[in-house]
Each structure stands twice: as C-alpha cells, then as structure tokens.
Amino acid sequence: MTAEIGQYALILALMVSAVGGVLTLAGAELASRSWMRVGMAAAAVLAVLATIAIGALAWGFVESDFSILNVARNSNIALPWYYKLAAVWGSHEGSILFWVTTLAWWIFAVALSARHLPERVLARILGTLFIITFGLYLFILTTSNPFLRLFPPAEAGADLNPLLQDPGMIFHPPLLYLGYVGFAVPFAFAVAALLGGRLDVAWARWMRPWTTASWVLLTLGISLGSYWSYYELGWGGWWAWDPVENASLMPWLTGTALMHSLAVTEKRGAFKIWTVFLAILTFSLSLLGTFLVRSGVLTSVHAFASDPARGMFILIFLVIVIGVSFLLFAWRAGSVASAASFSGLSRESLLMGNNLLLVAGMAIVLLGTLYPLFLDAVGGGRITVGGPYFESVFGSAMVPLAFLVPVGAVCAWKSQSIDRMGRLLGLPLAVALVLGLLTPVLLGAWSTVMALAAFLTYWIVFGAAADWVRYARTARAQKRSVFGQTLPWWGMHIAHLGLALLIFGAAANGIYQVERGAAMQPGQTVQVRDVTLRYDGWSEYRGPNYTAAKGVLTIVNDQGKEFEQLFPEKRNYDAVQNMTMTEAAILHRLTEDIYVSLASPTPDGEGWVVRAYVKPFVTLIWIGTLFMALGGLLAMATRSTRAPQLREMGKRAAVSVAGTAAACCVLAMLAAPASSYAAEPLMGSVTATEKSKAAAAFLDSAPSLGTVENSADAFANLKTAEAKPSEFDPAANPRVHNIASQLRCLVCANETIAESNAQLAVDLRREVAEQVKAGRTDDEVVAFMVERYGDYVLFKPPFKAKTWLLWLGPIAFVFLAFWGMVRIVRIRREDAKARRLAASAESLACAKAFLRGEVEYVDGGFAARQSSPKNGVQTRGASE
C-alpha cells in the first residue's frame, strides 16, 4: 500500500504543478487576481504531496519492503536504518524524487515569504517554478518511477552501493540537491523580470537572499563531497576533477558571480542584464549537471545511473528550458537594461572583472569536461582530461581573480583614485610579497607555486585587515564602535578569508605531501617525513553487513613512546561481489593530517602493504569552505544591521548561523573517519571466506591474535625494524611513481595508476617499472604506453591537432574576460559623457529661457511662467 500512496501522490503532484503553472502565468498576463492566487494554494498542496511521496519511499526503505523494485535494488535487510534512509537518494529514481521534492519545498518557501512582492511578479515566479516541477514529475512518472512493484518480492535485497554506505552520504546529497534546486528560484525571478519588463533595486533585494542561500547550501554540499572523497576512496584525493565534481563546480562558479552581480544591482542599479543572464546560466548548469550524472554519458564514482532513455528525456527537457529562457532573454533583455556609469578603477568595474573571470573559469571547466565526449562522438578517439590539465589552465585563470579580491573589496563605488588605493593597499601588498617568498623556505623546499599561493593568501587576509583599519580610524574619529560594520561586510571578508585558507591548504597539500608504501610485518616501522608508524598486526571482525580486516598502526617517537593508534580497514560487503572498500584511518593535527590505508595483504598473510601519507595543511581546505558558507549566511542579513544591534542578535547569529552552516558538515566530517581510527569493540572474528588466500591462511595460522585490542600485545616483544618498501613506494621508486602519476587507470573513475589499487593499475605499474629497469627514459616509457593504449591513458592530453582547442580555448576565455571588462568600462564612460552633454544642453536652454523671463525657478526645478508659457523648452519642473 505504501507504493500506491506514493504513486498517487506523484500523479496528483503532476496535475497540481500543471494547473498551478498555467493559471498563475495566464493570470499574470490577463491581470486575473483569482487565477494568480491559485499559486499560493498550489504551492502548499504541492509541498504536501511531494513530502508524502518521498515519505512513502523512505518508509519502504526503512521497512525493507522488497516488493518495491527500487528498494530491492538499493537496500538490504542487514543494512543499518540510517543507510536505508540514505538509500532513498542513493538510487537514480530516489535522487530525482528528492530533487523535485526539494524544489516543491523551495516553491512553498517562496510563496510563504514573498507575500510582499507585487502580485503579478509573484505569480510569474511561481508559474515558472511550477512549469519546471511539471517537467520533472513527468520525467519521474515516465522513465524513473521509484514505486514500481517487483513480483515475487526479493528475499534480502541487493544492497546499497558500498561507496554510499558512509555517514557523509547521509548529508552530502541533500545539501547538494538543495543548492542545485535552489538556483531555480533566482532563475524564476529572472524570467519574471523579463516577462514583466521590471528589474530594479527592489527586485535585486528580493532575489539576493534566495541566491545566497542556494550558494551556501551548494558550497556545503561540494565541501562535504570533497571530504567524503578524501577519506573514502583510500588515496587521500580531495578533488580529482571528476566530471561529476566539475558538474557541481560550474553552477557554483556562476552562482558566485551572480551574488556579486546582485550586490552591484542592489547598490547602484547596474549590471541588470548581466544579473539576469547569470541567473539563467546558473540554473541551466544545474540542469546540465543532472543530465551528466543521470544520463550515463560519463563514468564517475559519483554517477550511479546509465540509461540512454532517461538521458534523452533530460536532454530534451534541458534544451527546452535553456532554449526558451535564453530566447526570452534575447527578446526582452533590452527592457531591463541599466545606464549606471563607473570609472575604470571602481568597485563596479572590479566586480565586473571578477564576474567575467568566474564565467571564464566555468567555461574552462565546461570545455575540459565535455570535450572528450565531443571528440569521441565525432570519431576523434578517446582522450582523458584529468587533474593536471585543470590544475594548470583553471588554476592559472583563477590567479588574477584571487588578486582582484582584496582590491574589489576595498575599492569605492563609481570611482576610486589610484593614489588613495595605493595608500590603502601598498603596505599589505608589500607584506604579502615578503611573507609569500618566505613561506616556501620555512616549509623546507622552494616552490614557485607555493610562493604564489602564499602571496595570494596573505594578500587577501591583509587586504581585509586594511579595510577594517580604514573603517576603525573613521569610527574612532566619530566616536563609534570600531566593529560597527554591517553583517554583510563581515560576511564578505569572512568568505574571502575562507578562500584564502582554501588556496593555501590546496597548494601546500599538493606540493609538500609525502607518501610511502611499505610491505609491513608485525613490529616493523615506516618513516613518513617526521612521523614513525609501527605496524602491530591485524584482525578480522564482522560488521552489520560486511566482513572487515582491521589493521593496527601506532605512531611512536624515537624513544618508542606511543602517541596514537590508527585502525585502517578493508571491507567486503556480503551482498556486493568483487567490491572491496578501503576505509582509511586519519589523524588530524593542527598543521597536517596523517593518513593511512591498507592496500593488499602480503603473501604470507601476516602483514599488509600499507600506504601512508603526511598531508600538510589539508584541513584548511574544508575550514576555508566552512568560512565561505558562514560568510554567505552573514551576507544574507540586511545591510542596515550594524554592530550595536549585533550584540542583541549575536547569540542568535552565532547559534543559528554557525549551527546551520556547519552542523551537517562537521558532524559528517567527524563521524566519517571515526569508524576508521577510533578504538571500538569488535564483533568477534569470523572465517575470511571472501578474502585472499594469504589472508585466510594467516587467520588459520595465527588464531591467538584474537581481536585488535590484544593483537598489539602479541607483537609487543618483537624487535622493531624498518619495513621493506613496497614494490611501488614513491621514496624507493620515484621515477616509477612520477610516470605512474601521468597515466590513467583504464578501469577506474578518474584515478591515476599511482593512486589506484585495481589489479589492472598494479599490472600497469609493474609494466612501467620494467620499462624503467630496461633503461628507458620517462618520455620513452610514456610514449610506449601511449602506443599500446592510446591517448586515453594520458592523464594530461598532449597538444596536437585534435586537442588544440582544449589548450587554446582557456587562453581565449581569459582574454575575452579582460577584453569584455575594458569594453564595458569604455561603453559606460561614453554613455556617461553623452548624458552629461545632453544635460548641459538642456541646462543651457533652461538658462536662456530664464533670462528671457519665459520660465521661473520653483521648488528645485524650472517651470514655465503661468502668464507666458512658451513653446520649445522642455523644463525639469514641467517634466516632473
């Protein structure tokens, strides 16, 4: 009965969204208030129906109703209840249902909170959202019905994808979907503005909170997904430039540009067309991300569907929504154009440069993501566009953006003198340069990239400090609080501080990370930079629906004193064959993470090949993203909220803002690795029926080890010795590791053969090692691999005839961004000059008329004399 209730709710929701969309849009055009008011009721009914549908599916998962096909395919009777709940959005059908459910909640929120909007504007907004909802419900009912029955019912279920059986997956998809779908609201505002021909400061003020809220949620979703990749995939990568990761990054980039553009529209009435364009583009990219993830056109650890029929429906829906909206933009954009002027050095011009560079960055990511698909479709062969490509081209494009951040934040509106800007930012610039050059030296090895990243970090931080010092001086002179700035001001600089932390953490981790691989026997140690790890054995235990091998590694000092224990795991899930999951153990320190994972058991069954990493400052990446989200939440406050009121709302802001922004992420980040390194009672040893013969032999031969708690004691008396480096230890075989880092694992989702533990990756590493041993150079080895496997094996595509667009395109995008900024500033100057000339001519005509006695000056303007109105003079007073 649960499935039938959900099915009926879907059908009714489809009908409600259709009726609501047609009546509200028609009512707005026909000025029918009764039709427009249908939108409020339809929003409430739709939210209830959507909640019933998702609730019915969730109940089916929690109760293990395997007569529902979706539940049988994506759950298991032994699955913990919280993972059963996560399985609701872990499947394709459930994720789309959750997608449209969040949209229904957004619609209801708009209807409740936007009653102060003009009735016709609200009707157009709700009507646009209803039409989008109708298309999604039609997609669900025709191609992705989550309530299809299975007869006879399954006995135990096929189980949830092991990658999704993680605390991070409970929070990550909902946050991501809320952010994705939330950008439908700014899109609807933009469409409503185009239909009504009205886009003013009030419109920007209405739209800004919805845009910022969506951006904050998407930021948290991306951040949590990045952290999940970091600890779940077993090699410590936090961002692999996976196509699905890129699909979430693109709307985030344009959403960031949209927020900044809205700030200009609200403050100065400028950038109106640009704001509308970005609103349409951002939601279009959200739909594109859905198409890429759900159509099966790409391979990713984040993509869990591959159905051409579904992909075709989404593609048609995407073309209709994007096509109609951009046609409307082309037709009606002139009706919302603005005429505000600004100089080449002003906050407006710098924010325009910021927006253009963000859009250029989005274009680079879009090109790198889709170009392999395009090339393969036209018969050009398969290529891989991986991290090295994006890090070089995207990173280079973002350097000028990061440099502009403090300049734009402190620059005055409309015009700013260079001398004043130099006095304000000269000292921060000099200090940032000095500290940027010193940082790589202090970290132990010179790196130009690290020096540049450190300079940008200090530049952003000290630029914000200079802005506060400027305000504090003025506040003291006026006897006001030095903390009297608005909450949006604090939010702006907190978000920029988060960006600075992200830049520093990403650069330091990428450059100074140290990796070791060792085949470790009980009692042996391995040195990873300044960290000594001792392997104390392993044991097997039984989880709710998996069997796990848990290793024990102890951090010791030179005197053998123990500091901390780490417990990495290898898990085999009962219902999923041939899929072993790596559970890394992570110890977070103030300046570094110690990251340990198990690769494979040694042939004798007593030891494991251990991969150990020291990752400096990597935690700053996620601290930075939380700061960015917190800054976004503060920016949602009204601009009249100053520090005297901050005392009254401080407690509420601290609890609600910090809690709402970070609760889900912090809980997941703390909970996710806890199962890997926290000491916990084991559920007893079992026979390793699904493990390697070596591991099974070890269990049979060493039953006295028992559980992890006493396995350390069993090896306490063994003599400590340095572990033998593994076959592919980066320290022992740096050339092999360097070459392997350039080659893609042919069966993995965007991993190099140096990172992957797949058997094919191991075989390819051995092949590389044999080529190196034979005396071939690095280039010769890479050429040999390309000759055998094609360009697809290269993680960084070569520059040749079929890839020239891939390398020259980013240069063109950045050039167009700078050219566009210069062109826009020049046009604004010319328009301002023309308006001044027109105003001067009108003033001269009024002055002549005044001297002739034809007009008089009344109430701040010229008006024709009542006794002698003359023709030919258009006066201010008369026009007013």
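## Strand β4 and its partners

Strand β3 (residues 531-542) pairs with β4 in the antiparallel sense, over 9 bridges. Strands here are DSSP runs of E with at least two residues, helices are runs of H or I with at least four, and both are numbered from the N terminus; two strands pair if DSSP finds at least two bridges between them. With 3 residues between them, β3 and β4 form a hairpin, and Y541 has A548 of β4 as its bridge partner. This is a predicted model, in which local features need pLDDT of at least 70 and side-chain atom pairs count only at pLDDT 80 or more, while totals for chains, interfaces and linings use all residues. Residues are numbered from 1 along each chain as its sequence is written, and side-chain values use heavy atoms, with hydrogens and water left out.

β4 and strand β6 (residues 569-573) pair in the antiparallel sense over 5 bridges. Strand β5 (residues 562-566) also runs antiparallel to β4, joined to it by 4 bridges, and here L553 stands opposite L566 of β5.

## How β4 is covered

How many residues of strand β4 (residues 546-556) are buried? The count is 11 of the 11, so β4 is largely enclosed by the rest of the structure. Buried means under 20% relative accessible area, exposed means over 50%, and partly exposed lies in between (1.4 Å probe, protein chains only).

In a regular strand the side chains alternate between the two faces of the sheet. For β4, both faces are covered. One side holds Y546, A548, K550, V552, T554 and V556, the other T547, A549, G551, L553 and I555, and all of these are buried.

## The open sheet

Now for a five-membered arrangement: 5 strands form an open sheet in the order β8-β9-β10-β1-β12, with antiparallel pairing. β8 (585-588) and β12 (724-725) stand at the edges with a single partner strand each, so one side of each is left without a neighbour in the sheet. Strand β9 (residues 592-601) pairs with β10 in the antiparallel sense over 9 bridges, and D593 has K615 of β10 as its bridge partner. Helix α17 (residues 487-512) packs on the sheet, touching β1 (514-520) and β10, and its direction makes about 135° with that of β10. Contact here means heavy atoms within 4.5 Å; axes are lines fitted to C-alpha atoms, for helices over the stretch in contact, and angles run from 0 to 180 degrees between N-to-C directions.

β1 also pairs with β10 in the antiparallel sense, over 7 bridges, with R516 standing opposite A612 of β10. β1 and β12 pair antiparallel over 2 bridges, and the bridge partner of A518 in β12 is P725. β1 is mostly covered, as 5 of its 7 residues are buried.

## From β10 into α18

F617 sits in the loop between β10 (608-616) and α18 (619-635). Its phi is near 60°, a positive value in a residue other than glycine. Most residues other than glycine have a negative phi, and most peptide bonds are trans.

The expected span of a helix is 1.5 Å times one less than its number of residues. α18 is mostly covered, with 12 of its 17 residues buried; among them are W622, M628 and L634.

## Helix α9, with a bend

Helix α9 (residues 201-232) has 32 residues and reaches 46 Å from its first C-alpha to its last, close to the 46 Å expected at 1.5 Å a residue. α9 bends by about 30° at M207, with a proline, P209, following within four residues. The bend at a residue is the angle between axes fitted to the seven residues ending there and the seven starting there.

Of the 32 residues of α9, 27 are buried, so the helix is largely enclosed by the rest of the structure. Just after α9, G234 takes a positive phi of about 90°.

A31, in the loop between α1 (2-30) and α2 (33-62), has a positive phi of about 60° although it is not a glycine. At 48% relative accessibility, A31 counts as partly exposed.

Which peptide bond is cis? The bond from F151 to P152 is, with omega near -5°. P152 is found in the loop between α6 (119-143) and α7 (168-182).
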